[in-house]
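Grab a pencil and have a go at these exercises with the structure beside you. Try each task before you read its solution.

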Amino acid sequence: MPVITYRDALGQGLREEMQRDDRVFLMGEEVAVYQGAYKVSKGFLQEFGEMRVVDTPITELGFAGVGVGAAMVGLRPVIEFMTWNFALLAIDQVVNVAAKTLYMSGGQFKMPLVFRGPNGAALQLAAQHSQAWESWLAHIPGLKVVAPGTPYDAKGLIKAAVRDDNPVIVLEGEMLYNTKGEVPDEDYIVPIGKADLKREGDHCSIITHGKMVLVAMQVADTLAKEGINVDVVDLRTVRPMDVEAITASVRKTNRAVLLEEGWEIAGIGAQVVDYIQRECFDDLDAPVVRVHQADVPMPYAKSLEKAAKPDAAKTIAAVKKVMYID
Amino acid sequence: MAKKKSDNGATATATADNQKADAARGDADLRKEFLRSMLLQRRFEERCAEAYALGKIGGFCHLYIGQEAVSTGTLSLLRPDDYIITTYRDHGQALARGMSPRAVMAELFGRKDGVSGGKGGSMHLFDKATNFLGGHGIVGGHVPIATGVGFAIKYRGGDQVCICFMGESVVNTGAFHEALNMAGLWKLPVVYIIENNRYGMGTALERASAIHDIYERGAAYNMPRAQCDGQDVFEVRRAVAEAIERARTEKVPTLLEIRTYRFMGHSMSDAVSGTYRSKAELEEHLKRDPIILLRAAMHDAGEIDDAWMAKLDEDIKKEVQDAWDFADQSPEPPLEALWEDVLVDTTSDDVEASKAAASA
Ligand SMILES: Cc1ncc(C[n+]2csc(CCOP(=O)(O)OP(=O)(O)O)c2C)c(N)n1
Ligand SMILES: [Mg+2]
């Protein structure tokens, strides 16, 4: 099977969807002539032309609304935000229109569109450019929110997102674009709403999504050397959440660590803990522990940034804590 | 009076839409139709005020009284396949577009037979059958959506137009700027219509906008622009026809400022006059009631007489009463409806089937 980058996997998925459906177009800042701020749409302008690969002014609210309008009347827009940090300017369109129009219109107007772009912290980009938005977006009924952690899932989920008749948020890992993995050349989708058990073990469940999947896999490798075997449950979709996959794993291991990139308060992990206490109260051998970003804006200084971010060492400590080791 | 701008060399020539607009001046039947359309909106809104007082309509409710020539003049020029998007002040436009008074009233009453099954209410009237893309509640938020509809029309190579109604306060939002810039840049077939009724809630235009001839903002977007009197249905039609023609044939957007006035408070909780506008000012504007102006002109021309007018009044009263009765008898939405229409469970896995479903 070909081994390609996460970036190319996304590009391949998008290109295939644009080839199979002429209603699909890509719009955003620098997607066409510049070939994508992160080069996901490399070669798209040449292949599909300027009506389907559309450079916009720096106008997040405006072009998010253009996507909404086009979707309302039958097109299937893919709206790229250069990063999700800038999507905050467009949040009115995402939350107030894309997510609610089907409901407010009593089912008359579907909203088949994708909002996508890199999410989460990169390296030393400081507070305004380093944040993970999934809990904000997952809060909203009427949206689906996916966060692929591997190239395989990236291609499969972006394709599923484009084909879905609902507004789908695709949170790409800014630090994942260069990571590599096996990706079939063929047409496949990863179903939205289905988690993936990426590693099996009996001692503890690490439940995570997006960029943190990579960290969880490193943690699993390290712990395996110490004889600790963990389940790595990759949620892949944070709304709707695969509660069955969560509970199946926790019922088996009786211990859980929640790993996410975002902040603690009202985070994705908080929701997972709620599902666990509802469904697995009697199965637990220890309180659930969460690993997340420190509850501060992201600092610039390398040392401080490291201290703020969730990482493998913090996750290992959390696993050991729920296992009452040390 | 309307000022015409020709900055883009885009002033209209005598074309189909224009001729249609002008012809109305000489066509008594059409004039009667306009009077009927405006009076229906007026009586409908009056009954809404009553229903609101009785608690049959809840939430925010914004009446259109005084502005009827704008909706009737504009929408009488549209083709069935054209699109409309608007604000929360949407009842009059919905009726002028041909939505059934029954379904609109039932929506306001929050009932099952409402246009949106009672889930949108006064501010969110939607109707796929008439391409009515919604009443929207966030000031300025719907303007980029209109640009997107224009983009979709161009993408498909169609010759429809999208009409985007907005209040004058909208011109101060970032959304307006972003949306009109893209429409001007990409040449999209959208007619942006500012219903300048002088106030955004209690804030007069002059206290909110750095310029007062707000159609001039079109200059920033290289967009043809004009201003016209919104109390004269023919003036509205003349100005809008020109803009529609330009959008249809040249794919050029227009910014139109239509000067009108709302005769009621901003919403049901706002007094008609008192704080931000005086009774005297209101009375001055009441003299230019669009319905009275048209009726008087037709009366003077001998096209209608008192008996005809009395009959029209009676017919419309009945039609609105029928809408009220229908809404009143319509059941509450079933409780299951709470959970419906949050998401759909369809995909475009099969592209051809998906296209067929989308155009159904
Ligand atoms: C973004 C936003 N801010 C504030 C409001 C509250 N609000 C509702 S209507 C309104 C006034 C709008 O006036 P205008 O655009 O002139 O329209 P009109 O009501 O006169 O038709 C305000 C401030 C809102 N709905 N949305
Ligand atoms: Mg106003």
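This is a predicted model: local features need pLDDT of at least 70, side-chain atom pairs count only at pLDDT 80 or more; totals for chains, interfaces and linings use all residues.

**Exercise 1. The overall build of chain A**

Solution: 
- Step 1: The C-alpha atoms fill a box of roughly 60 × 45 × 40 Å along the principal axes, and 58% of the 326 residues in chain A are buried.
- Step 2: Check how the chain folds back on itself. Take the contacts between residues at least 6 apart in sequence: 79% of them join residues at least 24 apart.
- Step 3: Count the secondary structure, and you get 13 helices and 14 strands in chain A.

**Exercise 2. Two domains in chain A**

Task: Find the domains of chain A and describe how domain 1 touches domain 2.

Solution: 
- Step 1: Across the boundary, 26 residues of domain 1 are in contact with 22 residues of domain 2.
- Step 2: On the domain 1 side, the elements that each supply at least two residues are helix H7 (134-138), strand E6 (144-146), helix H8 (151-163) and strand E7 (168-173) of chain A.
- Step 3: Sort that side by class, and you find 14 nonpolar, nine polar and three charged residues.

**Exercise 3. The largest nonpolar core**

Task: Say which residues touch the most other members of the largest nonpolar core, and why this core lies between the two domains of chain A.

Solution: 
- Step 1: The core has 197 residues, and those touching the most other members are Val257(A), Val149(B), Cys164(B), Val191(B) and Leu256(B).
- Step 2: Helix H8 (residues 233-250) of chain B gives the most to this core, nine residues.
- Step 3: Domain 1 (3-182) and domain 2 (196-322) of chain A both give residues to the core, so it lies between them.
- Step 4: Zoom in on Val149(B). Skipping its neighbours within four places in sequence, its contacts include Gly69(A), Met72(A) and Val73(A), along with Tyr83(B) and Ile85(B).

**Exercise 4. Where the chains meet**

Task: Describe the side of chain B that touches chain A.

Solution: 
- Step 1: Here 39 residues of chain B are in contact with 41 residues of chain A.
- Step 2: Strand E3 (132-136), helix H6 (143-156), helix H7 (174-186) and helix H12 (351-359) of chain B give two or more residues each.
- Step 3: H6(B) has the largest share, nine residues.
- Step 4: By class, this side has 19 nonpolar, 14 polar and six charged residues.

**Exercise 5. A ligand and a loop residue**

Task: Describe the shell around ligand 1, then decide whether Leu205(B) is buried, partly exposed or exposed.

Solution: 
- Step 1: Ligand 1 has 13 residues around it, and the closest are Arg89(B), Val139(B), Gly167(B), Ser169(B) and Gly200(B).
- Step 2: That shell divides into five nonpolar, six polar and two charged residues.
- Step 3: Leu205(B) sits in the loop between strand E7 (203-204) and strand E8 (225-229) of chain B.
- Step 4: Buried takes 20 or more other C-beta atoms within 10 Å. Leu205(B) has 19, so it counts as partly exposed.
- Step 5: Beyond its neighbours within four places in sequence, Leu205(B) is in contact with Glu168(B), Asn196(B), Arg198(B) and His212(B).

Technical notes
Residues are numbered from 1 along each chain as its sequence is written. Chains are lettered from A and ligands numbered from 1 in the order in which they are written. A residue is near a molecule or strand if its C-beta atom, placed from the backbone, lies within 6 Å of it. Ala, Val, Leu, Ile, Met, Phe, Trp, Tyr, Cys and Pro count as nonpolar, Asp, Glu, Lys and Arg as charged, and the others, Gly among them, as polar. A nonpolar core is a set of buried Ala, Val, Leu, Ile, Met, Phe, Trp, Tyr and Cys residues joined through C-beta atoms within 7 Å. A residue is buried if 20 or more other C-beta atoms lie within 10 Å of its own, exposed if 12 or fewer, and partly exposed in between; C-beta atoms are placed from the backbone. Helices (H or I, at least four residues) and strands (E, at least two) are DSSP runs, numbered from the N terminus. Domain bounds come from an automatic or database domain assignment. Two residues are in contact if their C-beta atoms, placed from the backbone, lie within 7 Å.
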